[in-house]
Amino acid sequence: MFALLPLGGTVSAQSPRLTLALDAWQFRFGERGATPTAATAAAWDEVRVPHTWNARDGADGGGDYVRGTGWYVRRFTLGPEWTAKRVFVEFDGASRSARVFLNGQLLGEHVGGFARFRFDLTPALHRGAENVLAVAVSNAPDGAAPISADFTFFGGLYRGVRLVGVDALHVELMDHASPGVYITPQRVSAEHADVAVAVLVRNDSAQDVSGEVEVVLRDAAGTVVGTQRQHGDFPAASTTRTSVDFALARPHLWNGRRDPHQYRASVVVRAAGAGGDAVEQRFGIRAFRIDAERGFLLNGEPLDLHGVSRHQDRAGKGWAISEADEREDFALIRELGASAVRVAHYQQSPLWFDLADESGLLAWAEVPVVNEVPAGARYLDNARQQLRELIRQNYNRPAIICWSVGNETREEGERSGGPIRANGEESGRVIAALAQTAKAEDPTRPSVYASNHPAEDTRNFLTDVTAFNRYFGWYHGRSDEIGPWLDDVHRRYPALRFGISEYGAGANPTQHELPARKPPHAGPWHPEEYQNDYHERHWLALQARPFVWCKFVWNMFDFAVDARREGGTPGLNDKGLVSYDRRLRKDAFYWYQANWSAEPVLHLTSRRYRERPAGRGELKAYSNAPRVELWLDGQSLGVRESRDRIFRWPVDLPVGEHRVVARAGDLSDEIVFTCLPPPAATP
């Protein structure tokens with residue numbers, strides 16, 4: 001059908017793609033018997049997306065946040081430039097399901113709260129007149145993935161919405177809301193790389209169309225490194241896959257944070273003598289593999305994958321966060337010095353993955369198969385849909401290195417904290433099926449599962465690679481057990497490529513204790529100093545074991561779990577290294593920064609422990625400097641050297657106020673606290 005045309009020349013769309021952001025809506029919470037009209041919605045609340053109805057009650061504790069249906073209504077009239085266009089509506093995220101109506105006509109339903117989705121408005125569209133777009137969004141339980149999870153399901157249109165207008169011949173929009181362009185680097189080395197580009201071309205007209213597809217590759221500087229053009233016939237009312245191949249000499253490799261170089265593929269589709277479409281996709285050329293002994297290798301070199309997991313909510317906003325919020329979150333992770341991020345437990349925004357690609361932070365991407373896995377086809381079909389959306393929408397991203405098909409699954413009827421059935425039959429069936437789907441969709445990346453099961457559980461061996469969620473010293477055991485456990489698993493299963501996908505401990509930065517003792521994890525007391533000790537022990541064990549291919553702290557930020565009541569803060573999981581409002585970096589943040597960041601770090605711990613008992617104690621600093629000197633009330637306590645980034649000074653602290661200053665080269669840090677008399681003995 002297709003003939004390869006000579007290189008050179010430019011094909012440009014005469015009628016480019018149009019977009020129109022839909023930010024302002026009328027909103028009312030509550031199910032309705034009939035689809036609302038513009039008149040009935042006129043008196044509703046005016047809101048702007050991103051929006052959620054759970055911004056407050058989703059994080060205040062009690063497990064009673066509102067779950068149900070909220071209606072959004074938007075009126076619009078399209079200008080003359082849209083007259084000949086096919087018009088789609090595009091949602092970046094609606095939690096957790098959405099029914100979409102135009103002018104009273106149901107266009108369809110999307111089930112899944114985290115991926116982009118689109119509907120074709122054209123059949124119900126009023127050209128040159130007012131249209132009424134109505135969306136019923138529900139965060140109520142619906143039997144789809146996830147059934148339950150240890151986080152709040154914030155409801156609403158919590159990401160952007162827009163209209164997209166294209167000519168009859170265009171790059172496909174209805175392929176699970178993918179970009180319609182798939183770019184696959186192959187046989188990658190420093191000397192050579194092959195790049196395969198597949199374009200899905202949709203002809204929505206009633207006639208066959210002759211046309212052409214052009215793909216131009218440019219490097220980050222804009223220099224053209226390859227051009228291919230193909231001519232072909234595109235059958236009416238159908239989608240055609242077009243493929244072109246490029247051979248690049250001495251490609252500029254995408255190399256993580258050291259050099260996150262991206263190429264751009266400009267794709268133009270044009271009908272002969274008529275309009276067309278144009279899209280652009282960024283991509284990176286890199287090769288990676290995961291080894292059972294050496295861990296993760298990027299472009300042939302070992303790269304320690306250490307980082308954090310991230311939930312997308314924040315105080316006062318829930319999931320309805322802004323672009324500035326996303327960028328601040330990402331900047332904090334970069335400040336920490338992470339080389340990777342686990343994007344858990346669901347697909348996050350296109351911007352989030354853009355930032356990972358641009359910065360070189362490698363990403364674990366995950367589908368929301370969490371907790372209970374019910375029997376029956378509906379759940380699996382929906383999980384497959386969400387996995388296909390995740391993969392197809394993000395296929396071209398160099399940062400993503402694996403597709404996670406599940407996290408801590410259990411059989412229907414099991415409950416967290418109770419006995420877990422080994423080798424869960426139903427959850428194992430789903431994990432295996434999703435691993436097969438991931439391989440069929442993208443054979444270039446491994447599937448992975450985040451397991452909280454015993455090492456011998458069969459669910460750990462259903463994906464290409466595995467990682468474990470382990471909380472020694474928090475939910476069970478002692479924190480110094482993590483190293484021996486890792487060695488034991490490696491000895492028993494030497495071919496198993498496994499990492500650590502979660503470890504962490506809660507910390508309320510207003511609670512303090514020295515020396516810190518392990519607190520009850522569900523209790524009201526989560527002293528910051530115990531989190532420090534926990535992470536010190538875990539990281540020192542993890543960094544000494546390169547066979548652990550990934551190491552992810554749970555979590556970068558405190559996040560909402562409305563049903564939790566612990567650590568003195570209801571509605572919150574306080575395992576974050578940073579507070580829910582992003583204003584406070586806990587001590588453990590600086591522990592990882594001292595170990596991971598190339599920037600100079602010096603931090604005195606327990607700085608918020610402003611009133612503490614007098615007597616024998618210890619002062620401690622985290623630093624990546626070779627030597628640190630400490631002064632107490634103007635008197636030097638000496639210089640300490642440390643290989644493990646922890647600097648300690650035993651000290652007797654009398655009653656009264658004390659000023660502590662640490663110095664390492666040009667760095668300095670200072671804290672002030674008061675020592676109180678010990679409480680009187682009870683007679």
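Tutor: Pro146 is a place to start: it lies in the loop between β10 (131-138) and β11 (161-166). Helices (H or I, at least four residues) and strands (E, at least two) are DSSP runs, numbered from the N terminus. This is a predicted model, where local features need pLDDT of at least 70, side-chain atom pairs count only at pLDDT 80 or more, and totals for chains, interfaces and linings use all residues. Residues are numbered from 1 along each chain as its sequence is written, and side-chain values use heavy atoms, with hydrogens and water left out.

Student: What kind of peptide bond joins Ala145 and Pro146?

Tutor: A cis one, with omega at about -5°. Leu514 and Pro515 are also joined by a cis peptide bond, with omega about -10°. Pro515 sits in the loop between β32 (498-502) and α7 (528-543).

Student: What share of the 683 residues is buried?

Tutor: 60% of them.

Student: Switching to strands: which way do β38 and β41 run?

Tutor: Antiparallel, with eight bridges joining β38 to β41 (residues 646-653). Two strands pair if DSSP finds at least two bridges between them. Lys620 has Arg648 in β41 as its bridge partner. Strand β38 (residues 615-623) is also joined by three bridges to β36 (residues 602-604), again antiparallel. There, Leu604 has Ala621 of β38 as its bridge partner.

Student: How many helices and strands does the protein have?

Tutor: Eight helices and 43 strands.

Student: Overall size, then: why does the radius of gyration agree with a compact globule?

Tutor: Because a compact globule of 683 residues would have a value near 26 Å, and the protein has 27 Å. The radius is taken over C-alpha atoms, and the globule rule is 2.2 Å times the number of residues to the power 0.38. Along the principal axes, the C-alpha atoms fill a box of roughly 95 × 65 × 50 Å.

Definitions and conventions:
Buried means under 20% relative accessible area, exposed over 50%, partly exposed in between (1.4 Å probe, protein chains only).
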